[in-house]
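Subject: Handing over the structure

Dear colleague,

I am passing the structure on to you below, followed by some notes on what was found in it. Please read the notes alongside the coordinates.

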Amino acid sequence: MMINRRDLLKLGAVATGALFTQGNVLAAPPVSELSSGKDFSPKTGLQRISKPSACWQCVTRCPNIGYIEDGRLVKVEGQPRSIRTMGLICAKGQAGVNQVNDPDRILYPMKRVGKRGEGKWKKISWDDALTEVADRLKTLRDEGHPEKFMFHYGRMKASSSKIVKQFLAAYGTKTIGNHTSICEGGKWTAQELTWGKHYDNWDIDRSRFILNFGSNVIEAHTNHVPLAQRVVNAMVNRDVQLVTFDVRLANTVAKSTNWIPIKPGTDGAVALAMCHYIMNEDLYGEAGRDFLKFCKVTKNPDATIDEKIYALKQHLAQYTPEWAEQVSGVPAHKIRSVAREFATHKPAALISYRGAVAHANGNDTERAIQMLAAITGDIDRPGARCRGVGAKWKYPHGAEHVPKAKKLDILDGFKGEVAYPTHHISQQVLDVIRDGSQGRPDVYMWYCYQPVYSNPQVQQNIEVLKDEEVLPYTVCVSPFYDESAALADLILPDTTYLERWDWEDMVGPNQVPEFYIRQPLVKPMGEVRDFKDVCCELAERMGFPLGYSSAEEFVQLSCEMTPGIKEAGGFRYMVENGVWVDPESKPNYYSYKKEIAPEKLTGEGVIYDEETGVYWNWHESKAKSEVEARTKGYTHTKNAYKGYIGQSINGTVYAGFEPDKLNKSGYFEFYSSLLEEKGYPPLPTYTPIPEHEKMSPGQLILSTYKVNVQSHSRTQNCKWLTEIYHENPAWLNPEDAVALGIRDKDKIRVKSELGEIETFAHVTPAVVPGVIAVSNHCGHWEYGRVASGKTTPDSKDDTALEYKWWDFNGVHPNWIIPDRQDPINGQQAWMDTVVTVSRV
Amino acid sequence: MTMNGYELTWGVPVILYLFLAGVGAGALTASASMFLRGGPTGRYFNIARYGAFLAAPLVIIGTGMLVFELGSFQAGHWFKFLNLFKVINLSPMSIGTWLLVWFILISIPYAYTFLPKNAAPGDTFDVMRRLLAWISVPLGIAVAVYTGVLLGAMPSRPFWNSPILAMLFLLSALSTGVAVLLLINTIMNRNNPDPGSKMDAEHANYLLAESDTLLIGLEILVIFLFLMYAHLSVGSQREAIKVIEWGGELSLMFWFWVVFIGLLIPVTVELFHTIPKIVSHKEVVLHPVMIYVIPVLVLFGGYMLRHVIVVGGQITGPLGL
Amino acid sequence: MSVNTKESAKSRRKFLKNIGGIAALTAGATALPKAAISKITKKKVQYGMLIDTRRCIGCHACSVACKSEFDVPLGVYRSWVEYTEKGTFPHVDRSFLPRLCNHCSEPPCVRVCPTNATWRRDEDGLVVIDPDICIGCKYCIHACPYGARFLNPVTGAADKCDFCMHRITQGLEPSCVNTCIGRARIFGDINDPNSEISHRLAENPTTVLRKEMGTKPNVYYIAAEHADEHDQKYRNEYISVKTHRKEKQRI
Ligand SMILES: Nc1nc2c(c(=O)[nH]1)N[C@H]1C(S)=C(S)[C@@H](COP(=O)(O)OP(=O)(O)OC[C@H]3O[C@@H](n4cnc5c(=O)[nH]c(N)nc54)[C@H](O)[C@@H]3O)O[C@H]1N2
Ligand SMILES: Nc1nc2c(c(=O)[nH]1)N[C@H]1C(S)=C(S)[C@@H](COP(=O)(O)OP(=O)(O)OC[C@H]3O[C@@H](n4cnc5c(=O)[nH]c(N)nc54)[C@H](O)[C@@H]3O)O[C@H]1N2
Ligand code: SF4
Ligand code: SF4
Ligand code: SF4
Ligand code: SF4
Ligand code: SF4
Ligand SMILES: [Mo]
């Protein structure tokens with residue numbers, strides 16, 4: 001590229017002018033005055049074009065700003081206007097540049113020409129592609145079987161979710177799968193069973209103590225950048241302690257005041273023992289006592305607080321710290337001291353994530369952890385574990401006519417195996433389809449998802465996806481040629497996230513909602529199309545237009561419809577600024593304490609349920625009549641929770657803990673009659689993981705985890721990230737290594753009931769003896785040259801790749817992880833696999 | 001290229017450069033001093049001539065290697081290296097560059113004085129030759145020393161950061177320079193029918209072998225000092241020297257190829273050749289093969305020394321942070 | 001690049017010189033009162049960075065920001081992060097050490113450069129490289145005791161962190177600073193007693209790397225972990241230093 005040196009010289013002068021106007025020519029500008037939101041080319045000195053948008057490298061979806069030079073996206077930075085991220089984005093966010101410019105991405109619709117999975121493709125036109133898809137879908141719909149179109153998504157949020165689901169609703173299928181049960185769905189179900197709606201935010205800015213069970217918030221978490229920086233601030237600026245239970249020294253542990261190593265799957269035991277200690281020592285305090293008013297601790301909804309305390313102590317008597325030490329390996333004195341610290345530093349944030357819940361006993365672990373937070377009053381108050389607050393957009397409602405949707409019963413695993421799969425059981429979908437007895441889809445389409453790779457038992461997933469008898473027609477919607485795309489019949493090339501429109505709504509870390517949008521930073525490459533636009537077109541082609549013709553229009557309409565944004569300047573404002581926060585908004589706490597106005601209790605259809613103390617409107621449920629509603633009662637009427645109005649406690653009706661997905665009462669339910677009915681203990685209980693009870697000596701537990709610079713299976717095509725992290729050797733404690741005769745860097749074989757992988761040992765004291773830890777980010781065999789060394793059907797030359805210097809791309813652990821779920825909620829037990837390890 | 005997790009930014013071209021510049025400088029010094037020593041009769045005229053012919057090309061090829069290793073050259077900016085000549089500063093490389101320029105500027109006319117077929121002592125070039133020879137001796141030494149200073153000047157490289165390195169490079173340059181003359185002289189005189197000049201040549205060879213023995217002896221001493229000082233120091237140097245100590249990454253290469261093959265064997269054979277004469281004035285005639293093998297070993301050892309030093313310096317670093 | 005070497009060499013150097021510093025003086029001279037001018041001549045700007053490792057979470061936002069800002073090729077690094085792990089289970093610790101050029105006040109890299117392609121800017125203390133003059137001899141790469149320099153395979157010239165000169169002269173923070181998730185990096189003029197970096201330097205005990213080299217670094221650290229893998233032999237303790245760079249060892 002030619003450099004205009006004259007400009008450079010001029011710019012030098014201009015620059016100083018700018019400095020000068022800031023006041024002090026001599027001094028470096030004070031950091032507080034240094035602005036973001038601008039960038040200059042180091043080559044030409046010219047300002048780069050900037051545009052606000054939003055990240056999507058992980059679910060946190062931080063607002064960002066993209067910089068464009070010579071029509072190419074060259075840089076992504078944080079959005080200084082964002083109160084969530086305070087202008088920061090992480091390494092993955094910045095590497096979004098590599099997603100757009102990935103020389104191996106798919107730029108044209110591709111149709112398989114060889115056998116499925118053979119890797120032979122031809123480019124086809126969008127018209128041909130959509131004609132093919134629309135024909136198939138229309139036929140199914142006309143035959144009265146729209147449910148035979150299964151749509152399976154991974155990450156689909158905010159406006160994407162709305163548009164795509166409006167399309168699917170208008171089409172008439174409810175055979176819509178997601179990925180939540182391989183993610184953290186079990187945590188959500190446990191919350192639905194206990195405090196109602198899910199997604200807990202941790203109000204770190206106001207916390208005085210942070211107790212962490214298995215959250216790697218400094219490296220991962222679904223609200224990563226907002227929370228990670230707040231944890232650092234709390235620790236360094238306010239001396240807040242962070243005590244972390246983890247099976248390995250994650251970077252979160254590295255930053256913690258205290259690492260408490262723990263045996264996998266035993267967090268529940270420790271949490272219960274802490275509850276035991278806090279109750280026995282009466283450390284729960286005023287706040288805890290007060291909070292118990294809103295808790296259900298016994299079958300009787302009208303129990304007094306003393307009765308509740310008594311019942312709790314009774315239940316917890318068995319869970320002594322000494323007992324927990326036996327189970328978890330955490331010394332009893334540590335359990336006591338941490339419990340005391342936690343109970344006496346108020347407010348405290350009790351945080352937990354997949355390390356605690358992605359186990360076969362995760363449901364009760366999460367419930368025990370919620371109980372621990374509740375008995376000290378650390379729920380929904382400043383500085384505690386709160387209910388997430390996200391932006392509530394208004395948006396177009398979709399097609400005029402929405403048929404009654406039909407659904408194949410293949411989303412929730414094998415019938416009757418799991419009690420409350422409220423977030424489905426995605427890891428079993430392919431297995432259930434193969435089985436066939438619960439039905440099979442004719443068209444299987446996936447979106448932002450990797451059915452082959454992200455699920456357990458990779459080999460079986462491959463076999464099912466390859467089998468044309470079982471799955472006659474498959475469509476992959478993705479910008480990239482991943483392991484699943486390689487097995488599709490048709491690939492519809494999606495835009496990358498920096499080439500499309502969305503409004504976004506991810507939860508605020510400080511209990512205040514933030515509205516923001518994603519807009520294309522550059523023109524979509526090749527012929528790629530935003531799948532949302534494709535949905536609009538498909539709907540039109542099949543005769544049920546959605547009422548808007550593109551995602552852009554949908555976002556535009558939403559901006560004009562949403563109060564506050566409209567007044568601020570609507571779509572134009574958002575396009576220019578990216579983010580809007582209501583200046584009036586106040587942090588949201590204590591919503592459960594709100595009293596329900598009496599007139600709301602006397603409205604049409606509102607009835608009172610004696611058994612639970614719940615006021616609810618039966619019209620919103622599936623009950624056919626008031627009589628039916630009253631006889632079946634709140635708990636047993638399908639969808640009764642949708643009519644929930646309030647919880648009566650000692651004669652006052654409170655908003656309480658509003659239920660979601662399950663007919664839970666408005667209490668914070670330690671005592672769950674829903675669980676009791678399914679034969680599970682109603683109060684949080686510790687159940688050992690069955691496989692772990694049967695381990696033979698020398699066997700280890702395989703744990704999987706995420707690292708700071710990779711997202712799932714999705715970012716390994718980003719050269720700047722994969723350069724940093726491209727190998728995932730297995731962490732092994734020296735104690736185990738010696739016993740197994742393994743040295744650092746040795747090639748090892750890891751064998752489970754399902755099969756074996758060969759990888760390398762990383763012998764380190766940073767992992768608990770008895771555990772072998774392998775991250776789930778490496779080991780691609782497709783996904784382009786950066787990720788796997790392999791080209792794709794649409795690879796282009798890229799001289800920058802000449803400098804790629806690594807060849808080995810690690811080993812994927814999911815080959816040997818069996819699908820195994822928590823029997824209560826269907827959560828995939830990622831961290832439980834028992835393996836035998838040997839030197840190769 | 002990486003080795004043991006270290007990046008080798010200076011590779012084979014630099015090793016070759018250090019080696020060839022050393023041999024060239026050594027050859028020039030040897031040539032000039034032999035010439036001067038030969039007196040007005042020009043007893044060692046032929047030897048001097050070979051040296052004069054060799055020095056410039058060796059150094060020019062070496063310098064070419066250096067250019068080849070330049071990042072600018074590899075990125076296609078063929079003549080950017082000329083920037084070297086736009087400045088002169090205290091960088092050992094800048095000084096070295098100018099030394100090389102002078103070396104080439106002197107060694108070429110010096111060689112030129114030997115060029116005519118009938119070049120002989122006392123010919124028209126005699127004065128000039130003599131003058132250039134006088135300049136060549138210190139110039140050759142300077143170039144040889146500078147290669148060591150180049151590496152030795154950096155505290156960031158404890159393995160190199162020793163004044164002894166310059167001495168070592170000087171001795172190695174001289175001994176390899178002498179060796180190459182020995183080799184050439186032997187080759188050129190293998191079928192020499194003239195007994196007189198053949199005897200001169202043999203005498204010259206003897207003289208060369210003798211100086212070589214001395215040089216190698218000194219080199220061994222300097223290596224000993226290099227090792228001992230580093231070994232007896234604490235910290236970075238002590239740690240760095242471990243790469244060539246027993247068990248170090250380069251230890252085999254160093255002890256076997258550099259010390260045993262490149263120094264001990266030649267010096268033993270040469271001693272076998274020279275000692276009897278010194279002690280008992282007995283003529284020991286070397287096996288003809290030996291006369292070829294010895295200088296080759298010395299040259300090879302010289303190359304390996306550069307290799308070990310260049311690589312060793314790059315795979316070690318300061319202790320602590 | 002297809003520009004004439006000689007011509008460009010001149011102008012790039014001028015650019016490097018002018019950007020910020022010198023031009024600032026001229027601009028200032030016309031507009032500032034006399035007192036200010038004399039102040040200018042007295043106290044020069046010395047840019048520096050303070051890295052508070054207590055706040056660093058090892059996230060590599062800085063590493064990638066820097067790659068992106070300059071499109072730094074694979075295999076070479078202006079900015080990197082080292083992880084130091086030490087101890088015995090369960091008393092194990094990991095700490096993070098972000099690294100970059102120290103913009104030394106006594107830069108050994110500059111002293112060895114045969115072409116004057118690299119120098120320390122008098123006006124603000126930045127140690128810069130003019131790629132149009134640099135011949136890529138790599139001498140400076142060896143001379144830097146911090147492994148901060150590399151040969152850029154695209155330009156064929158030595159390269160390293162330049163404190164984002166093109167940004168700071170526009171009143172912006174360096175790219176790695178502006179995205180630091182831990183807000184561990186503070187950039188500014190350490191000669192200005194009122195700058196944030198000066199305040200922080202005054203308030204906290206700090207160290208520099210390899211002080212004994214006499215390089216006078218201008219990158220300071222709070223609570224830096226100075227342990228090195230070599231120390232294992234002397235301390236009889238597990239110490240592992242890992243970096244994501246292609247070269248896995250510290251220089
Ligand atoms: N960098 C990065 N960030 C991400 C993602 C990503 O892929 N990469 N993904 C996003 C998504 S979708 C999610 S769901 C979140 C997940 O965020 P997290 O749940 O925080 O991350 P994980 O790595 O899945 O697991 C957390 C920790 O649990 C530990 N662990 C394993 N078993 C146990 C146990 O039995 N007990 C305890 N106490 N700890 C245990 C692991 O060692 C690991 O450090 O992150 C989100 N953010
Ligand atoms: N062993 C083990 N396995 C795990 C986990 C674990 O901790 N351990 N974590 C699990 C968790 S928490 C989750 S959330 C899942 C995530 O698993 P998935 O939902 O499958 O998500 P990703 O792997 O992020 O992305 C899937 C694919 O989406 C495609 N994609 C990327 N960008 C786009 C886009 O813009 N549009 C479209 N249409 N497609 C795109 C890419 O081809 C990518 O391969 O993985 C789970 N898998
Ligand atoms: S946390 Fe997630 S959304 Fe935010 S910048 Fe990082 S990858 Fe992007
Ligand atoms: S590589 Fe360039 S900057 Fe470094 S010493 Fe050589 S010429 Fe100077
Ligand atoms: S850190 Fe290295 S490159 Fe930077 S100024 Fe100091 S010596 Fe030079
Ligand atoms: S200051 Fe700029 S060049 Fe230096 S490390 Fe930071 S981003 Fe890279
Ligand atoms: S961005 Fe900041 S917190 Fe992250 S590794 Fe770099 S210095 Fe540390
Ligand atoms: Mo997830």
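Which helices of chain A each supply at least two residues of the shell around ligand 3? They are α2 (91–94) and α7 (224–238), where helices are DSSP runs of H or I with at least four residues, strands are runs of E with at least two, and both are numbered from the N terminus.

This is a predicted model, in which local features need pLDDT of at least 70 and side-chain atom pairs count only at pLDDT 80 or more, while totals for chains, interfaces and linings use all residues. Residues are numbered from 1 along each chain as its sequence is written, chains are lettered from A and ligands numbered from 1 in the order in which they are written, and side-chain values use heavy atoms, with hydrogens and water left out.

The shell around ligand 3 (residues with a heavy atom within 4 Å of the ligand) includes Cys55(A), Cys58(A), Cys62(A), Cys90(A) and His224(A). Around ligand 6, the residues include Cys66(C), Cys161(C), Cys164(C) and Cys176(C), and α3 (61–70) and α7 (175–178) of chain C each supply at least two residues of that shell.

Asn728(A) sits in the loop between α25 (719–724) and β27 (730–732) of chain A, and is buried (under 20% relative accessible area, with a 1.4 Å probe and protein chains only), its own value being 1%. Its side chain reaches the backbone oxygen of Val811(A) at 2.7 Å, and a polar atom of the side chain of Asn728(A) lies 3.0 Å from the backbone oxygen of Ser775(A).

Best wishes

Terms used:
Buried means under 20% relative accessible area, exposed over 50%, partly exposed in between (1.4 Å probe, protein chains only). A polar contact is a pair of N or O atoms within 3.5 Å; within protein, one must be able to donate a hydrogen and the other to accept it, and residues adjacent in sequence count only if both atoms are side-chain atoms.
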